Amino acid sequence: MIAGALCVVASLARIEADFQRDMRALRRDVDALVHLTNEARRDAGLRPLRLDPQLSRMSMWFARHMATHRHYDHQDLRGRGLEERFADFGLPWASIGENIAKGYPTAERVFRGWMGSKGHHSNLVNPAFQAIGIGIGIDREGRRYWVQNFLQYDRGRTTSNSRGSSRHTAD
């Protein structure tokens, strides 16, 4: 009985250690993507983006949603698109954008892929954007789902967009 309990405790400790290692790796990838994005923006003569915590929560939720359900689309399984997710997370906006990708093993590789795509690149260097959120989800096979959300703040609104606002998605 004691041996069984010790095995469970050791197993839980191993799971926790693996989880902490994965979280550190994801944090490194988030930091790398923010750095690479801001480096590209500086090269284009633009202001760097700030990492927004609420935007990051939304991005992480969506990346995990796609990984959990192995669903790769700008809409979640309930049919909510980018605008609805911004509203659900209480993020007022004047202009928004989203880049998604799957299967890239590192931040550097997904960033290179995005830079090589006209739609993704235009989100990365859009001069209107002020903030970024990054999400990474990992499915059961270890495949990564990447989300970059971009935001131009609209401080005068509560959650929804207005006429004349814009959204840009690229996958």
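Colleague: Where is Arg70 found, and what makes it partly exposed?

Modeller: Arg70 lies in the loop between helix H2 (53-69) and helix H3 (82-88); helices (H or I, at least four residues) and strands (E, at least two) are DSSP runs, numbered from the N terminus. This is a predicted model in which residues are numbered from 1 along each chain as its sequence is written; local features need pLDDT of at least 70, side-chain atom pairs count only at pLDDT 80 or more, and totals for chains, interfaces and linings use all residues. Side-chain values use heavy atoms, with hydrogens and water left out. Buried means under 20% relative accessible area and exposed over 50%, with partly exposed in between (1.4 Å probe, protein chains only). The relative accessible area of Arg70 is 37%, so Arg70 is partly exposed.

Colleague: What phi does Arg70 have?

Modeller: Arg70 has a positive phi of about 50 degrees, although it is not a glycine. Most residues other than glycine have a negative phi.

Colleague: Why is the pair of Trp61 and Phe89 called tilted?

Modeller: Rings of Phe, Tyr and Trp (its six-membered ring) pair if their centres lie within 6.5 Å; planes under 30 degrees apart count as stacked, over 60 as edge-to-face and the rest as tilted. By this rule, there are 4 aromatic pairs. The ring centres of Trp61 and Phe89 are 6.4 Å apart and their planes stand at 50 degrees, so this pair is tilted. The pair links distant parts of the chain, 28 residues apart: Trp61 is in helix H2, whereas Phe89 is in the loop between H3 and strand E2 (93-102). Trp61 is partly exposed at 31%, and Phe89 is partly exposed at 23%.

Colleague: What makes the pair of Phe86 and Trp93 edge-to-face?

Modeller: The centres of Phe86 and Trp93 lie 6.4 Å apart with 65 degrees between the planes, and the pair is edge-to-face. Both of these residues are buried.

Colleague: How do you know that strand E3 (residues 131-138) is largely enclosed by the rest of the structure?

Modeller: In strand E3, 7 of the 8 residues are buried, so the rest of the structure largely encloses this strand.

Colleague: In what sense do E3 and strand E4 (residues 144-153) pair?

Modeller: Two strands pair if DSSP finds at least two bridges between them. E3 and E4 have 8 bridges and pair in the antiparallel sense, with Ile134 opposite Gln148 in E4. Strand E1 (residues 50-51) and E3 pair in the parallel sense over 2 bridges, and Ile132 in E3 is the bridge partner of Leu51.

Colleague: What puts the buried residues of helix H4 on one side or on several?

Modeller: The buried residues of H4 (residues 107-115) are Ala107, Val110, Phe111 and Trp114. They cover an arc of only 100 degrees around the axis, which puts them on the same side of H4; the arc is that of the directions from the helix axis to the C-beta atoms.

Colleague: Which residues have the most contacts inside the largest nonpolar core?

Modeller: A nonpolar core is a set of buried Ala, Val, Leu, Ile, Met, Phe, Trp, Tyr and Cys residues joined through side-chain atoms within 4.5 Å. The largest has 22 residues, and Leu33, Trp114, Ile134 and Trp146 have the most contacts inside it. Helix H1 (2-43), H4, E3 and E4 each give two or more residues to this core, and H1 gives the most, with 7.
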